[in-house]
Amino acid sequence: MSDESYISIQNISKHFGSVKACDEVTFDIRQGEFFALLGPSGCGKTTLLRMLAGFEIPTYGEIYIDGQPMSLIPPYKRPVNMVFQSYAIFPHLTVAENIAFGLRKDKLPKAELDKKVDEALEMIALPGYGHRGADELSGGQRQRVALARALIKKPKVLLLDEPLGALDKKLREQMQLELRDLQREVGITFVFVTHDQEEALTMSDRIAVMAEGRTLEIEAPAPLYERPKTAFCADFLGTMNFFEGSIDNIGDGEAAIKTGDMGTMVSRGPNMDFSSGNDVLAAIRPENIEIAFDKPASGSFVEGKVRASAFLGDRAHVYVNVKGRKDPVLTAMQNLGGAASRMGDEGEHTVWLTWSEESVILLPRH
Amino acid sequence: MGKMRLGPLGIYTVLYLAFLYIPVLFIPLFSFNDSIYIAFPLKGFTLQHYVEMVNREPLINALFNSLKVGAVVSVVSTIFGMLAAKAFTKYRLPGTNALTAFISIPLVIPLIILGISLLTVLKAVDVPLSLFTIGLSHTVICVPFSMFVLISRLEGFDKSMEEAAQDLGETPWMTFWRVTFPLAMPGIIASLLLCFTISFDEFILAFFLGSDEPTLPLYMWSQLRFPAKLPSVLALGAVIFITSFIVVCFAEWVRRRGVQTQTGSAI
């Protein structure tokens, strides 16, 4: 065991009948890390979290936490605690009784127990809420109580199942930052499950992207977003324009790609380990494509007509039709000085799309 | 609300309620009537039948027999019902439907058939008839009721409550006592009251499986032959009627409060 592999998931598989919810998953989580399991519903992320908690037994494989194999340890003896998606606040107990629930076996004197509960209430910014009933709490408050109830046990790992899913947007954004701060403060390893890419990008140190029971990529948010290695991750995190093609020429950190609908594209981006003739996807993020009203003098560009624009306030998504291509190219522009609101309507402008060759990411095509 | 109009459905409702309740209301009415004959016109007000009731030892004995059997049956049935409900809600057992159907068979078998078959079996294995055998037969018919009441209660609350308790360090046994049991409490109370009521006024099984110690329904039935003793039976009937009314109201109140906490805890 080292700090690098505080949690070690080795060859974990979970089959429900003929369904492989988790399929030979292997990776490590570091001590003190805020780690996200991200993926669409049914990708196996919740099953994996429940195996960490001990509510599901792996079909095969082993999970080590702090060097200890977990497969024979029941949930109530594991050094982990969980914040449930529904929060699972006990309705027949008060807030204080909920928070103190896991301390029964410690047999603390009353004064000390009260002190601990008060400290926990302080930590979640709900001082004086101890005697309230569970049904008097709002969604955000329930979540805080669920957090306090788990953290008071001082677990080695805190598991969070879609922790912000039940909250409205404003509260969710606020709680993202609070959870992040709280995790740094207590220094406990957090593993959380989410299907919300923004949530994963905002909060985590590293993200494991899962699909169909497997982990595709495990990376820190920025490299995962900027230099994805699979088309699935490129598409699942944020939005992406994909252009199908094959490598014409590659070498020296530069590749020429023959595409069907955009002519020859040049990439000087990441992932250059392809060879001539390979089928690839050339991918460009919408925010890396600029719209110009005059024909650029040099660089990569293509002519198009605005098909539609979605005004989002701080920015706009502009869909541009390019000759020879069925799907419009999506670009994102900041609404600086009202630029986005002047984009106009369908077919009004002939525009030029330009991008830097560094922003063209090559991805394998299957 | 506008003015109440009595349409055809309104008339039907009034007739229905009258048919349901007027005969029942005759019991308290005649229990205060100063005559041993149950007939109009009323003769005058008296509490004499009530005094007679309290002083009639066999009647009081029968009442206590019924209370005893009812109490034991409701507790035992609720325990069995809870075990079955827990099994059906926790595990997706193969053949769950077949099993539930099998357990609920006593609900659909005519009681007279059940009575005869139980009598045959008990005689075959030489178990003497007593309050115990009555209680046994009542448990057979009460368990399915209890099970259904408790299944709907257990299905009503979030499964992750029990997982949360285990996650916080409690064994499955302690999880049951600290979480499942208190959350199921409204269902448990409803089951206890329901089973008690079923046992308390059950006649057919008690008739087949009873001995010389009668339960209250058996005793009342035996007294119908003696007109002079009927008014005190009426008095007792009135007391039971009022008591059940209060108990039913209480049970409904508990049930509603349970539903409220449940919806209150939903996210």
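Met161(B), Glu162(B), Ala165(B) and Gln166(B) of helix H8(B) touch Pro172(B), Thr175(B), Arg178(B), Val179(B), Thr180(B) and Leu183(B) of helix H9(B); two residues are in contact if their C-beta atoms, placed from the backbone, lie within 7 Å. The contact of H8(B) with H9(B) comprises five nonpolar, three polar and two charged residues. In this classification Ala, Val, Leu, Ile, Met, Phe, Trp, Tyr, Cys and Pro count as nonpolar, Asp, Glu, Lys and Arg count as charged, and the others, Gly among them, count as polar. The model is predicted: local features need pLDDT of at least 70 and side-chain atom pairs count only at pLDDT 80 or more, while totals for chains, interfaces and linings use all residues. Residues are numbered from 1 along each chain as its sequence is written, and chains are lettered from A and ligands numbered from 1 in the order in which they are written.

Two packed helices are described by the angle between their axes and the distance between the axes. For H8 (residues 160–167) and H9 (residues 172–200) of chain B, the angle is about 140 degrees and the axes are 9 Å apart. Axes are lines fitted to C-alpha atoms, for helices over the stretch in contact, and angles run from 0 to 180 degrees between N-to-C directions. H8(B) and H9(B) are therefore oblique to each other, where angles under 35 degrees count as roughly parallel, over 145 as roughly antiparallel, 65 to 115 as roughly perpendicular and the rest as oblique. The crossing of H8(B) past H9(B) is right-handed; a crossing is left-handed if the near helix is turned anticlockwise from the far one by less than a right angle, and right-handed if clockwise.

H9(B) also packs against helix H7 (residues 131–156) of chain B, with the axes coming within 9 Å and crossing at roughly 155 degrees. H7(B) and H9(B) are therefore roughly antiparallel to each other, and their crossing is right-handed. On the side of H7(B) the contact includes His138(B), Ile141(B), Phe145(B) and Arg153(B), and on the side of H9(B) it includes Ala184(B), Gly187(B), Leu194(B) and Ile198(B). Twelve nonpolar, five polar and one charged residue make up the contact of H7(B) with H9(B).

Helices (H or I, at least four residues) and strands (E, at least two) are DSSP runs, numbered from the N terminus. The C-alpha trace of chain B spans about 70 × 65 × 35 Å along its principal axes. Of the 267 residues in chain B, 34% are buried; a residue is buried if 20 or more other C-beta atoms lie within 10 Å of its own, exposed if 12 or fewer, and partly exposed in between, with C-beta atoms placed from the backbone. Among contacts in chain B between residues at least 6 apart in sequence, 77% join residues at least 24 apart.

Chain A contains sheets. One is an open sheet of six strands in the order E6-E7-E8-E3-E9-E10 (chain A), with mixed pairing; two strands pair if DSSP finds at least two bridges between them. Its edge strands, each pairing on one side only, are E6 and E10 (214–219) of chain A. Neighbouring strands of this sheet are turned against each other by 20 degrees on average, direction ignored. Within the sheet, E7 (residues 157–161) and E8 (residues 189–194) of chain A run parallel and are joined by five bridges, and Asp161(A) has Val193(A) in E8(A) as its bridge partner.

A second open sheet has four strands in the order E2-E1-E4-E5 (chain A), with antiparallel pairing. E2 (19–29) and E5 (68–69) of chain A are the edge strands. E1 (residues 7–16) of chain A pairs with E2(A) over seven bridges in the antiparallel sense, and Ile12(A) stands opposite Val25(A) in E2(A).

Further along chain A, strands E17 (residues 315–322) and E18(A) run antiparallel, joined by six bridges. They form a hairpin with six residues between them, and Gly324(A) in the turn has a positive phi of about 85 degrees. Ala316(A) has Met333(A) in E18(A) as its bridge partner. Gln334(A) also lies in E18 (residues 329–334) of chain A, and it counts as exposed because it has 11 C-beta neighbours inside 10 Å.

Finally, the two chains meet in a contact that takes 22 residues from chain A and 18 residues from chain B. On the side of chain A, the elements that give two or more residues are strand E6 (80–83) and helix H4 (139–151). That side of chain A has 13 nonpolar, five polar and four charged residues.
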